[in-house]
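Take a moment to turn the model around before reading on. We will walk through it piece by piece.

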Amino acid sequence: MGSWCFHMTLKYEMQLLDELPMIYSCCIFVYCMFECFKMKNSVNYHLLFILVLFSLIVTTVYLKVKEPIFHQVMYGMLVFTLVLRSIYIVTWVYPWLRGLGYTSLGIFLLGFLLWNIDNIFCDSLRNFRKKMPPIIGVATQFHAWWHILTGLGSYLHILFSLYTRTLYLRYRPKVKFLFGIWPVILFEPLRKH
């Protein structure tokens with residue numbers, strides 16, 4: 001909703017609704033990835049406190065500084081933390097999840113790359129689109145691809161997180177494809193509790 005409001009109005013207040021939830025949701029991802037090997041019903045209050053404090057500091061500074069680069073660096077730090085944790089998991093804990101882990105990362109990073117190309121070469125891309133057929137113009141809207149690819153990469157990372165957690169809790173997760181294209185995870189217990 002925040003992203004929709006920002007792209008509809010291009011106002012700073014709506015930009016906050018777009019960008020701050022990225023920080024908050026990424027903090028939730030970080031918590032989940034670091035707590036995926038804990039027993040049921042356990043809470044890491046220390047990590048929770050650090051992530052809530054990080055979110056509050058980023059929010060406060062961003063409200064005062066109003067500099068998108070600050071947000072991008074803070075968000076990048078969280079994503080980097082997730083990448084390191086995911087690499088640890090697929091390297092040392094569940095190597096058979098490399099495909100899902102690296103696919104989610106690769107799709108997300110491709111979106112990030114296209115977004116940066118769009119930011120750096122925006123004027124050139126606009127001029128290029130004016131000279132090309134409409135289908136080329138649509139295909140070169142790299143900011144739109146950023147939303148699509150990072151959304152898909154994030155979804156696949158959620159599947160990766162769920163798969164990791166359900167394996168640890170001794171479930172038998174299976175990736176199925178709805179309509180032959182959309183991956184979801186189904187799981188059943190390995191043993192009765």
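Keep in mind that the model is predicted.

Start with the whole chain. How many helices and strands does the protein chain have? Its secondary structure comes to eight helices and two strands. Follow the chain from the N terminus and the order reads α-α-α-α-α-α-α-α-β-β. The C-alpha atoms fill a box of roughly 60 × 45 × 30 Å along the principal axes. The protein chain has 193 residues, and 37% of them count as buried. Now look at contacts between residues at least 6 apart in sequence. Of these, 61% join residues at least 24 apart.

Next, the UniProt record. An unreviewed entry there carries the annotation "transmembrane region" for residues 20–37, 43–63, 75–94, 100–121 and 142–163. Check two of these stretches against the model. Residues 75–94 are 95% helix and 0% strand, with end C-alpha atoms 26 Å apart. Residues 142–163 are 100% helix and 0% strand, and there the end C-alpha atoms are 31 Å apart.

Now go inside. The largest nonpolar core has 41 residues. Ile23, Phe54, Tyr75, Leu78 and Phe160 have the most contacts inside this core. Which elements give two or more residues to it? They are helix H2 (12–35), helix H3 (45–65), helix H4 (68–93), helix H5 (98–120) and helix H8 (142–168). H2 supplies the largest share, 10 residues. Zoom in on Ile23. Leaving out neighbours within four places in sequence, Ile23 is in contact with Phe54, Ser55, Val58, His71, Met74, Tyr75 and Leu78.

The largest pocket has a volume of about 1,200 Å³. Its lining counts 45 residues, and Met22, Tyr75, Phe108, Trp146 and Thr150 lie nearest the centre. Helix H1 (2–9), H2, H4, H5 and H8 each give two or more residues to this lining. Which element gives the most to the lining of the largest pocket? It is H4, with 12 residues. Sorted by class, the lining has 23 nonpolar, 19 polar and three charged residues.

H2 gives the most, with six residues. By class, the lining divides into eight nonpolar, one polar and two charged residues.

Return to Arg129. Is this residue buried or exposed? Arg129 counts as buried because its relative accessibility is 15%, and the cut-off for buried is under 20%. Apart from neighbours within four places in sequence, Arg129 is in contact with Asp118, Gly137, Thr140, Gln141 and Phe142. One of these, Thr140, is 11 residues away in sequence and 7.6 Å away in space, C-alpha to C-alpha.

Compare His143, which lies in helix H8. His143 is partly exposed, with a relative accessible area of 25%. Not counting residues up to four places away in sequence, His143 touches His7, Trp115 and Asp118. His143 and Asn116 are 27 residues apart in sequence, yet their C-alpha atoms are 8.5 Å apart.

Finish with the backbone. Most residues other than glycine have a negative phi. Asn41 has a positive one, near 65°. Asn41 lies in the loop between H2 and H3. Asn41 is exposed, with a relative accessible area of 82%. Arg170 is not a glycine either, and its phi is positive at about 70°. Look for Arg170 in the loop between H8 and strand S1 (171–178). Arg170 is partly exposed, with a relative accessible area of 40%.

Methods:
Residues are numbered from 1 along each chain as its sequence is written. This is a predicted model: local features need pLDDT of at least 70, side-chain atom pairs count only at pLDDT 80 or more; totals for chains, interfaces and linings use all residues. Side-chain values use heavy atoms; hydrogens and water are left out. A nonpolar core is a set of buried Ala, Val, Leu, Ile, Met, Phe, Trp, Tyr and Cys residues joined through side-chain atoms within 4.5 Å. Buried means under 20% relative accessible area, exposed over 50%, partly exposed in between (1.4 Å probe, protein chains only). Helices (H or I, at least four residues) and strands (E, at least two) are DSSP runs, numbered from the N terminus. Contact means heavy atoms within 4.5 Å. UniProt positions are given in the numbering used here, feature names are shortened, and annotations may be inferred rather than shown by experiment. On a 1 Å grid over the protein atoms alone, a cavity is a set of points where a 1.4 Å probe fits but cannot get out, and a pocket is an open set with protein on both sides within 12 Å along at least five of seven lines; lining residues have an atom within 4 Å of a point. Grid points are joined across faces, edges and corners, and a volume is the space filled by probe spheres set on the points. Ala, Val, Leu, Ile, Met, Phe, Trp, Tyr, Cys and Pro count as nonpolar, Asp, Glu, Lys and Arg as charged, and the others, Gly among them, as polar.
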